[in-house]
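Visitor: I have a model open and would like to learn how to read it. Where do we begin?

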Amino acid sequence: MRIAVASGKGGTGKTTVATSLALSLANEQNIRFLDCDVEAPNAHLFLNPSFTKRQDAAILIPEIDAEQCTLCGKCVEVCQFHALAKVGKSILTFAQLCHGCGSCTWNCPVNAIQEIPNPIGKLESGLTPESIQFSRGVLTISEPMSTPIIRQLKRWEQPQPEQLTILDSPPGASCAVVETLRGADFALLVTEPTPFGLHDLNQIIGIVQEFNIPAGVVVNRDGIGNDVINAFHDKHNIPVLLRIPFSLEIAAGLSAGTSLIEIKPDLRQEFLHMFTQITRIVKTTEEGEK
Ligand code: SF4
Ligand code: SF4
């Protein structure tokens, strides 16, 4: 099973929830944790993996052989991302705009294009003290393309049979979030009970519904705002699976790099109960699809 933990908004506690779920289940499940927040990966701060495996992440970008190129312009025409331009008697490539889709190569009538790797970051993996298989992508600073590195991270190390995969999504509702949610069996949406939280939750629910992924909500910092999340539940019929209270003790502990489960050990049972509910929802959804 693959559970993607997402939030329409940064700073809601998505990584806190994802890592707490992993730590709560570590004694009972074989867990694979993917930190897909490749622009600012920080789940390792709570899970403390020892990285033992590293690999460069790259996308294939076109390199044009000026000798063979007839300047027909077909590659420029098919590139949806404006990564190629015909300037005078040459075709220019803007590597940072290239998504590595390969359309230009496919459409070149004289095979004047070869694809070369363009490094965009790295992949790292290792085990945590609880034997969680932890992997993360790290996008090189100034590289704009996070989606390909997330795609590579998801494919890098295949899950073992019966392994539970927890994906910590980037914040927001961008292409990177779409890539993280793609193929998930369940979306755990973390929010806070404020109008801002509700606004961003409404954005991400559109993606989840587009993919037809069953979802549930975790309300973090419960008590700081109003009851807007209940209204969301009533409108979308998406269950609130867990409420984490607003507490200065939790805030201070998280700031010091202590995991939520260490700060509040009694929450572990609530995370376990939430996982039981998630399992039931996924099973019911799968049976309904048969
Ligand atoms: S690989 Fe795709 S995105 Fe990159 S230049 Fe070619 S057509 Fe454009
Ligand atoms: S499609 Fe091929 S031949 Fe045409 S401009 Fe591009 S590289 Fe040159």
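Guide: We go from the overall fold to the details. The model is predicted.

Visitor: What does the secondary structure of the protein come to?

Guide: It comes to 11 helices and 11 strands. The C-alpha trace spans about 70 × 45 × 40 Å along its principal axes. Of the 290 residues, 42% are buried. Take the contacts between residues at least 6 apart in sequence: 75% of them join residues at least 24 apart.

Visitor: Which domains does the domain assignment give?

Guide: Domain 1 is written as 2-48 + 129-289, and domain 2 as 61-119. The centres of domain 1 and domain 2, taken over C-alpha atoms, are separated by 38 Å.

Visitor: Now helix packing. How should I read the axes of H1 and H11?

Guide: Two numbers describe a packed pair of helices: the angle between the axes and the distance between them. Here, H1 (residues 14-25) and H11 (residues 267-289) have axes that come within 9 Å and cross at roughly 90°. Angles of 65 to 115 degrees count as roughly perpendicular, so H1 is roughly perpendicular to H11.

Visitor: Which residues make the contact of H1 and H11?

Guide: H1 gives Ser20, Leu21, Ser24 and Leu25. H11 gives Leu267, Arg268, Phe271, Leu272 and Phe275. By class, the contact has 6 nonpolar, 2 polar and 1 charged residues.

Visitor: Next, burial. Which residues of H5 are buried?

Guide: In H5 (residues 147-156), the buried residues are Thr147, Pro148, Ile149, Ile150, Leu153 and Lys154. Their cover includes strands S2 (31-35), S3, S6 (113-127) and S7 (133-139), along with helix H6 (175-181).

Visitor: On to the ligands. Which residues come nearest to ligand 1?

Guide: Cys79, Ala83, Cys98, Cys101 and Cys104 come nearest, out of 14 residues around ligand 1. S3 and helix H4 (103-107) are the elements that give two or more residues to this shell. The shell divides into 10 nonpolar, 4 polar and no charged residues.

Visitor: And which come nearest to ligand 2?

Guide: Of the 13 residues around ligand 2, the nearest are Cys69, Cys72, Lys74, Cys75 and Cys108. By class, that shell has 10 nonpolar, 2 polar and 1 charged residues.

Visitor: Last, backbone angles. What is phi of asparagine 111, and where is the residue?

Guide: Phi of asparagine 111 is near 50°, a positive value in a residue other than glycine. Asparagine 111 is in the loop between H4 and S6. It has 9 C-beta neighbours inside 10 Å and therefore counts as exposed.

Visitor: What about serine 142?

Guide: Serine 142 is not a glycine either, yet its phi is positive, about 90°. Serine 142 is in the loop between S7 and H5. With 6 other C-beta atoms within 10 Å, serine 142 is exposed.

Key: Residues numbered from 1 in each chain as written. Chains lettered and ligands numbered in written order. Predicted model: local features only at pLDDT ≥ 70, side-chain atom pairs only at ≥ 80, totals over all residues. Near = placed C-beta within 6 Å. Helix = DSSP H or I, 4+ residues; strand = E, 2+ residues; numbered from the N terminus. Nonpolar A, V, L, I, M, F, W, Y, C, P; charged D, E, K, R; others polar. Domains from an automatic or database assignment. Axes fitted to C-alpha atoms, helices over the stretch in contact; angles between N-to-C directions. Parallel < 35°, antiparallel > 145°, perpendicular 65-115°, else oblique. Contact = placed C-beta atoms within 7 Å. Buried ≥ 20, exposed ≤ 12 C-beta atoms within 10 Å, placed from the backbone.
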